[in-house]
Amino acid sequence: MRQALAEARAAASEGEVPVGALVVCAGRVIGRGRNACERLQDATAHAEMVAITAASAALGSWRLEACTLYVTLEPCPMCMGAALNARVPRVVYGAREPKAGACGSVVDLAAPPGFNHRIAVVGGIAAEESAQLLKSFFRALRAERDRN
């Protein structure tokens, strides 16, 4: 999670919402991502999506069946959908996302009815540090907006 937090800090330094993600397979990081929605002007450029794409390229397969996705913020429905489709067996996240979290905060897409794949979810890892990064980022964004 420390490496995911480093990705989140890098995202913040680029003016992106500070969320970072890693895909780990057999103890090795095979995919890294940080939010890039603003830079790319792409609503799908979430940290998880970037990390999953990088991991698939590294493995030469879209199936990430032996991997764990680490992310600093509870994934949204799009990112949990991508994790389900990629057959990621485990998601570990930091802070809860009360507005769009798809690991139980708003909806639970870890084991949707009818799917043949389920994701084990562990939340709250480095939650305070993850949440503080987000709070600081949005506080600074509001202050900047108020100055203008």
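**Figure 1. Secondary structure of the predicted model.** The protein holds 5 helices and 5 strands, where helices (H or I, at least four residues) and strands (E, at least two) are DSSP runs numbered from the N terminus. Their order along the sequence is α-β-β-α-α-β-α-β-β-α. Residues are numbered from 1 along each chain as its sequence is written. This is a predicted model, in which local features need pLDDT of at least 70 and side-chain atom pairs count only at pLDDT 80 or more, while totals for chains, interfaces and linings use all residues; side-chain values use heavy atoms, with hydrogens and water left out.

**Figure 2. Overall dimensions and contacts.** The C-alpha trace spans about 50 × 30 × 25 Å along the principal axes of the protein. The radius of gyration is 15 Å, which agrees with the value near 15 Å for a compact globule of 148 residues; this radius is taken over C-alpha atoms, and the globule rule is 2.2 Å times the number of residues to the power 0.38. Of the contacts (heavy atoms within 4.5 Å) between residues at least 6 apart in sequence, 57% join residues at least 24 apart.

Figure 3. Of the 148 residues, 43% count as buried, meaning under 20% relative accessible area. The mean positions of the 17 positive and 14 negative charges lie 4 Å apart. Lys and Arg count as positive and Asp and Glu as negative, without His and the chain ends; each charge is placed at NZ of Lys, CZ of Arg, CG of Asp or CD of Glu.

**Figure 4. Cysteine sulfur atoms.** With a disulfide defined as a pair of cysteine sulfur atoms within 2.5 Å, the count is 0. Cys67 is in no disulfide, and its nearest cysteine sulfur, that of Cys25, is 3.6 Å away. Cys67 is buried, at a relative accessible area of 1%. Cys79 is also in no disulfide; the nearest cysteine sulfur belongs to Cys76, 3.8 Å away. The relative accessible area of Cys79 is 0%, so Cys79 is buried.

**Figure 5. Surroundings of Gly31.** Gly31 lies in strand E2 (residues 28–34) and is buried, with a relative accessible area of 3%. Leaving out residues up to four places away in sequence, Gly31 touches Ala21, Leu22, Val23, Ala51, Ala54 and Ala55. Gly31 and Ala58 are 27 residues apart in sequence, with 7.3 Å from C-alpha to C-alpha.

Terms used:
Buried < 20%, exposed > 50% of the residue type's maximum accessible area, 1.4 Å probe, protein only.
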